[in-house]
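Here are some notes to go with your first look at this structure. Take them one at a time, with the model open beside you.

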Amino acid sequence: MKRALLVACLLLGLLCSATGQPDALQEERFTISGYLKDATSGEELLYASVYEPSTKAGTTTNLYGFYSLTLPAGTYELTFTYIGYQATVKTVTLRANIELNVDMQPAAAVLEEVVVTDKKADHSVQQVAMSRLDVPIEEIKKLPSLLGEPDVIKTIQTLPGVASAGEGTSAFFVRGGSADQNLILIDEAPVYDVSHLFGLFSVFNADIIKSAELYKGGIPAKYGGRLSSLLEVTTRDGNAKQFAASGGIGLLAAKLTLEAPIVEDKASFIVAGRRSYADVYMKNSEQFDGTAVSFHDLNAKANWKANNKNRFFLSAYSGRDIWQFNDDFKMDWGNNTATFRWNHLFNERLFSNLTLIYSDFDYALHDKDPVDGFLWEANQREASVKEDISYFVTPEFTLKFGYQGIYRRFTPGKITSNGEESIFKSTSLQKQFALDHALYLGAEHQVTDRLSLEYGLRYSLFQNIGEGTIYEYEDPEDNVDIVIRDSTTYGNFETIKSFHNPEPRFAARYLLDKQSSVKVSYNRMVQYVHLISNSTVPIPFATWAPSSPYLDPQKADQFAVGYFRNFQDNMFEFSVEAYYKKSKDLTEFADNAELFFNRHLATEFRQGESESYGMEFYLRKSKGNLTGFGSYTLAKATMEVPGVNKDESFPANHDRRHNLNLALAYELSPRWSLGANFTYATGRPITLPAGKYDFDGYQVNLYSSRNGYRLPDFHRLDLSATYEPKKNEDRRWQNSFVVGVYNAYNRQNPWTIYTRTKQDDDGNIIGDGTEKEARMVYLFGALPYFSWNFKF
């Protein structure tokens, strides 16, 4: 509490110094505000730049396309810029507050001699935020993609400081953190599993995405709930000018997007759907013997602009994977989210966003055998309300504050028998419940022309609540001979245990010159929900649990420093960042833990510390026929957990010493473009038997130290070519053809390793059956693909 008060006092002092002005500067000032939009579709433009050169005052639009700039009375020329759009200049005379909405023309709609300006070509140097990367959607579509489907997650896995969890999953690790430490949002709603077809695709359809931003550090006080990163995906609002459609057909899946105005320039909708059809091939092939896999997802969004002060949005996502093995076994999982948002402008400088959010992730396993079979179901569900307010005090100072409240319900497992003949009885594990609250206050503060700050404080309160029964164990860490000393039963919404934590945030940028800057950041993050899985590879069949009497919240402190520089008129963007992250109370499990349907799971919990540090290098070329980026990360992540690995430190599951990625696109001609991706990563740690011993006549594996071995290094090359037929200037129709190959040189990258009794090539056991051998499992060899895409 003393630390929290100290941080609060420091923050208050900074706020006072920022808002206080000498009397000589108290001249009459007025505010110009409004929205920036795409002139052809009516879509709001996020993070576009607004600049007034004579005063050097400027701002950017927020996540909803709104801007506000306060200036002394007078006449000004405002310049509006955004990547891929023609720069727009407006002359305004300020004698009172003004509303000015600006429609910006896309590059394709302007003459060749017009220079298209970036949202701010040197934004990586100028912005205060570090460890934050925009994922350019249009550039993603030019790069090779698995089976021709552009994928935001696959691109994120190539960024500095990010490591792929491996083939077979869309999970990723950020700066030494595990996959469950990433907060992934779609229209502000959390998504708990982002994989389709075990990682062949992600849940994000690129055709409906407006923006995607990844925060690896320096996370604003507005966000919390995870330790390592934030991925914020925002979907498009829908064309408010005219009907439009786009779609594509590939080897495994097809997609279609429809959008149109409901009332022109006032209300619009967009609907996007995808479905795989691998199950159609597999069901009609004797080779698969009744096995089939499929996925589908659907995005929908509608918005209504009542007036310039009130805008309403309703969006939803639903996706599902289904794996059918003959008629005997079936497993499926999926996400469902819904978001209602109300943007309200109290006045020209006070902007509000009220959001209602629902999210549900569930999975099911169904063995249909009448005797040995059962239906297993589990889910994680939450509903929340969030209020975010932005107060544009001056061009140099913006205040942001708000509240979020979340109700969580955890259903860890329910078994339903297949009937009277089944050996299983219908039963279920105890549900768990929680309330999650957070208040935050943050500021964006331009102190001088060279020095800018972002600072704030988030204060979180988490309550593990009833209904439920908590057991008191003789020894909470004895997971073999469990002795229950006592138990306490709690009623609905009765508090079982509460946790509260201050989470300070700070970032600073100092301009060395017009082309370069140095930045520093610090953030404390707290995570109150825990993934219950001891798999080294993220899989969808895992449950979550709240912080509780036997499970403390996870906490992380991260420091980062970086140097940023642009070259050759902002053609090249370079950065190098170093970070250090110390985490404590990380959730691990006892050696040989039993997590499946364990009523006394609390005895398996172990919590420890983690240390991770590294350096990240990033070079991006944004102009010319050849564009793309390269990244390299040198990093280390270790863990130390009492009661695990003989209390000795061991490599974290997500430790990757080296990560190298190259992503290049080349415009060969107006119709042909080529793309290439190359990735290399150190093999992930794994625990394997190091020997065996005899116990009462049984051969028992003797395991190595935790994560004592590594899989072979991972590397892969992907290639693609895109052909766009000549456009008919009188028609809106556009289409393109994409051919490529995933894993061009057929590298056999191991997914995992398992041990078995040694066998010959025909499957016959060798010797007396006591000798073991390690076997690698590979997922994908070289995969050629073709897709056709269209829009009008």
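This is a predicted model: local features need pLDDT of at least 70, side-chain atom pairs count only at pLDDT 80 or more; totals for chains, interfaces and linings use all residues.

1. Let's begin with a facing pair: Glu77 stands opposite Thr91, a residue of β7. The strands β5, spanning residues 74–81, and β7 are paired in the antiparallel sense, and seven bridges link them.

2. Now step back to the sheet around that pair. Four strands form an open sheet in the order β3-β2-β5-β7, and their pairing is antiparallel. At the edges are β3 (57–60) and β7 (88–94), each of which pairs on one side only. From one strand to the next, the twist averages 20°.

3. While you are in this region, look at the loop between β2 (49–52) and β3, where you will find Lys56. Its phi is near 60°, a positive value in a residue other than glycine. That deserves a second glance, because most residues other than glycine have a negative phi. Is Lys56 buried or exposed? With a relative accessibility of 56%, Lys56 counts as exposed, since the cut-off for that class is over 50%.

4. Asn746 is not glycine, yet its phi is positive, near 55°. Its relative accessibility is 44%, so Asn746 counts as partly exposed.

5. Another open sheet has five strands, ordered β11-β18-β19-β14-β15, and here the pairing is mixed. Its edge strands are β11 (132–134) and β15 (189–190), each pairing on one side only. Between β11 and β18 (residues 209–215) there are three bridges, and these two strands run antiparallel. If you want a landmark there, Leu133 has Leu214 of β18 as its bridge partner.

6. Val385 counts as partly exposed because its relative accessibility is 33%.

7. Finally, which two residues are joined by a cis peptide bond? They are Gly466 and Glu467, with omega at about 20°. Glu467 sits in the loop between β31 (451–465) and β32 (468–473). The bond is worth a look in your viewer, because most peptide bonds are trans.

Note on methods
Residues are numbered from 1 along each chain as its sequence is written. Side-chain values use heavy atoms; hydrogens and water are left out. Two strands pair if DSSP finds at least two bridges between them. Axes are lines fitted to C-alpha atoms, for helices over the stretch in contact, and angles run from 0 to 180 degrees between N-to-C directions. Buried means under 20% relative accessible area, exposed over 50%, partly exposed in between (1.4 Å probe, protein chains only).
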